[in-house]
Amino acid sequence: METLPLVEPDPADPAYRLVTFVHEDASCDGVLALLHTVTDKDRHAGDLAPHLMTRRDDGRWAITYRLRADHRASYQLYPFRGDAPGTTRADWLRVLDHARPDPHDAAPRLPARDGRHPSSVLSLPDAPAQPYVRRRDGVPRGRTVAHEVAGRRVDVYLPAGGGASAGGGPFAVAVLLDGEMWGEVLSVGDTLDNLAADGAIPPTVALLVHTMGPCRPDDLSCNPAFVDLLADRLLPWAAAEFGTTTDPAGTVIAGQSAGGLTAAFAAFRRPDRFGGALCQSGSFWWPDETEFDEGSEWLTRQFAREQRREARFYVEVGLQEWMLLPQNRHLRDVLTARGYDLAYREFNGGHDYACWRGGLADGLAHLLGRA
């Protein structure tokens with residue numbers, strides 16, 4: 001029986017694979033393949049033609065990508081009738097609302113939120129291992145409880161046997177921005193359980209701060225008030241309620257995209273509380289040059305000119321992230337030149353939770369493993 005998607009060696013270069021996606025739908029007029037970030041790059045350029053499947057002699061739709069053997073990406077398929085979808089934002093949102101996972105995939109799917117369908121995940125053989133993502137049998141389980149702090153929804157993950165009432169602590173603490181995605185959708189508690197069971201991190205309380213609502217553009221744009229709320233309201237509350245440490249060396253803040261920018265800013269502004277910043281695909285271009293007199297990459301310039309902070313960084317970005325890669329490399333160079341404790345990684349993927357969930361585990365292990 002044919003295994004799909006079909007992954008074959010590239011006869012021209014052993015570092016690459018030829019990956020063929022196949023779809024069976026006789027009723028549609030075409031199928032668009034959505035390979036995360038890769039398709040979106042061409043959509044931004046106004047041309048989705050490279051991602052339209054062709055109908056084969058056997059009646060099935062197919063498309064082949066040439067990808068480096070360490071590529072990882074979530075993906076979906078979008079069968080359509082009539083004309084191919086356009087490339088405006090409205091067109092793209094309609095595609096995302098209706099695209100579906102590959103019915104042939106065998107790997108566990110990546111859940112979605114806002115009523116959208118899950119995605120399939122392609123992990124080629126040399127992609128970084130993700131040993132902590134899946135729930136394991138026999139691992140002691142933590143629990144998650146919902147709270148509200150200073151008017152903010154915060155879901156609190158407590159490690160197995162953890163919590164002030166259990167007489168434990170002080171616990172390491174991880175503040176995860178976009179907590180509604182990490183908790184309700186991606187079940188990050190399984191990752192934290194696995195990390196603790198393997199001894200990769202000490203018992204850690206995770207504060208999953210909801211930041212995906214209407215306040216997100218303000219909260220996650222180097223906003224001193226938001227960072228101070230986390231430092232002066234959230235962390236003291238967690239210490240009193242759950243026995244978390246007040247030592248910045250045992251405190252990490254983690255975020256992706258605008259959250260990655262905010263994590264770095266938190267370590268810059270409040271190193272007295274945030275001793276570790278885990279920044280994934282950070283939006284270090286911020287702000288747009290048209291919105292700010294001083295120009296873009298504001299935070300990187302602050303790191304370059306201000307006194308060095310006592311903070312550690314784990315920064316990663318995808319090689320497919322054409323809009324973020326140069327700015328993340330610039331931040332890397334500045335932090336290195338200023339003598340910061342920095343772990344930097346580039347993964348072959350995009351702006352994608354399929355990549356970030358593994359990177360989150362690696363970053364927590366790096367920053368908290370010696371807490």
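1. How much space lies in the largest cavity? In this predicted model, the largest cavity holds about 80 Å³ of space, and the count of cavities of 30 Å³ or more comes to 1.

2. The lining of the largest cavity includes Arg72, Pro128, Glu316, Arg345, Phe347, Cys355 and Asp362 among its residues. Strand 15 (341-347) and helix 10 are the elements that give two or more residues to this lining, and helix 10 gives the most, with 4 residues. By residue class, the lining of the largest cavity divides into 4 nonpolar, 4 polar and 4 charged.

3. Turning to the open side of the picture, the largest pocket has a volume of about 1700 Å³ and is lined by 39 residues, of which His36, Leu96, Arg116, His351 and Trp356 lie nearest its centre. Several elements supply at least two residues each to the lining of this pocket, namely strand 3 (30-35), helix 1 (38-44), strand 6 (72-80), helix 2 (89-98) and helix 10 (353-368). The lining of the largest pocket is made up of 17 nonpolar, 12 polar and 10 charged residues.

4. A reader may also wish to look at the sheet, in which 4 strands are arranged in the order 1-2-5-4, forming an open sheet with antiparallel pairing. Because strand 1 (6-9) and strand 4 (54-55) stand at the edges with a single partner strand each, one side of each is left without a neighbour in the sheet.

5. Within that sheet, strand 1 pairs with strand 2 (residues 16-23) in the antiparallel sense over 4 bridges, and Glu8 has Leu18 of strand 2 as its bridge partner.

Terms used: Residues numbered from 1 in each chain as written. Predicted model: local features only at pLDDT ≥ 70, side-chain atom pairs only at ≥ 80, totals over all residues. Heavy atoms only, no water. Pairing = 2+ DSSP bridges. 1 Å grid on protein atoms, 1.4 Å probe; cavity = no way out; pocket = protein on both sides within 12 Å on 5 of 7 lines; lining within 4 Å. Points joined across faces, edges and corners; volume = space filled by probe spheres on them. Nonpolar A, V, L, I, M, F, W, Y, C, P; charged D, E, K, R; others polar.
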